[in-house]
Amino acid sequence: MSEGNSGRDATAAVARALEGLHGAVGKLSQEYGDTLGIRRLVSDVARLNDDLAELGPPDPRHRPGPVPEELEEIPDVEYERSMWTDAEHEGFGAPDRHAP
């Protein structure tokens, strides 16, 4: 697959996702009525469609970089205290040493 096809495939995938989003927002609109939140969602989907249409073809001089790896989520829990044994506190140094 050429890079040009890859760009068209990605653009088509985004367009399909936006069509699905447009339909889902339409269903929400039927359920919630004309509220500020619904108007914002409708406006956001329309803006995304406009932004996608404005992209045009990719610049042929652009060389795509590597695809970023998925980020790993680190849970926000207390670490085991033994993990910090012999660790230096940033800015203070080791607890058993003193600055000159």
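**Exercise 1. Which residues make the nonpolar surface patch of about 470 Å², and how does M83 count in accessibility?**

Step 1. In this predicted model, I74, Y79, M83 and W84 make a nonpolar surface patch of about 470 Å².

Step 2. Classify M83. Its relative accessibility is 46%. Buried requires under 20%, exposed over 50%. M83 therefore counts as partly exposed.

**Exercise 2. Sort the faces of α2 into buried and exposed.**

Step 1. Take the buried residues of α2: I38, V45 and L52 are among them.

Step 2. These residues cover an arc of only 55 degrees around the axis, so they sit on the same side of α2.

Step 3. Turn to the face directed away from the buried side. That face carries the exposed residues R40 and E54.

**Exercise 3. What follows α2, and is P57 buried or exposed?**

Step 1. G56 follows α2, with a positive phi near 65 degrees.

Step 2. P57 is also found in the segment after α2. At 73% relative accessibility, P57 counts as exposed.

Step 3. Check the contact in space. P57 and G7 are 50 residues apart in sequence, yet their C-alpha atoms are 7.9 Å apart.

Technical notes: Residues are numbered from 1 along each chain as its sequence is written. This is a predicted model: local features need pLDDT of at least 70, side-chain atom pairs count only at pLDDT 80 or more; totals for chains, interfaces and linings use all residues. Side-chain values use heavy atoms; hydrogens and water are left out. Buried means under 20% relative accessible area, exposed over 50%, partly exposed in between (1.4 Å probe, protein chains only). Helices (H or I, at least four residues) and strands (E, at least two) are DSSP runs, numbered from the N terminus. The arc is that of the directions from the helix axis to the C-beta atoms. Patches are made of residues with over 30% relative accessible area and no salt bridge: like charges are joined within 9 Å, nonpolar side chains (Val, Leu, Ile, Met, Phe, Trp, Tyr) within 5 Å. Accessible areas come from the Shrake-Rupley method with a 1.4 Å probe; for residues, only the protein chains shown count as cover. A salt bridge is a side-chain nitrogen of Lys or Arg within 4 Å of a carboxyl oxygen of Asp or Glu.
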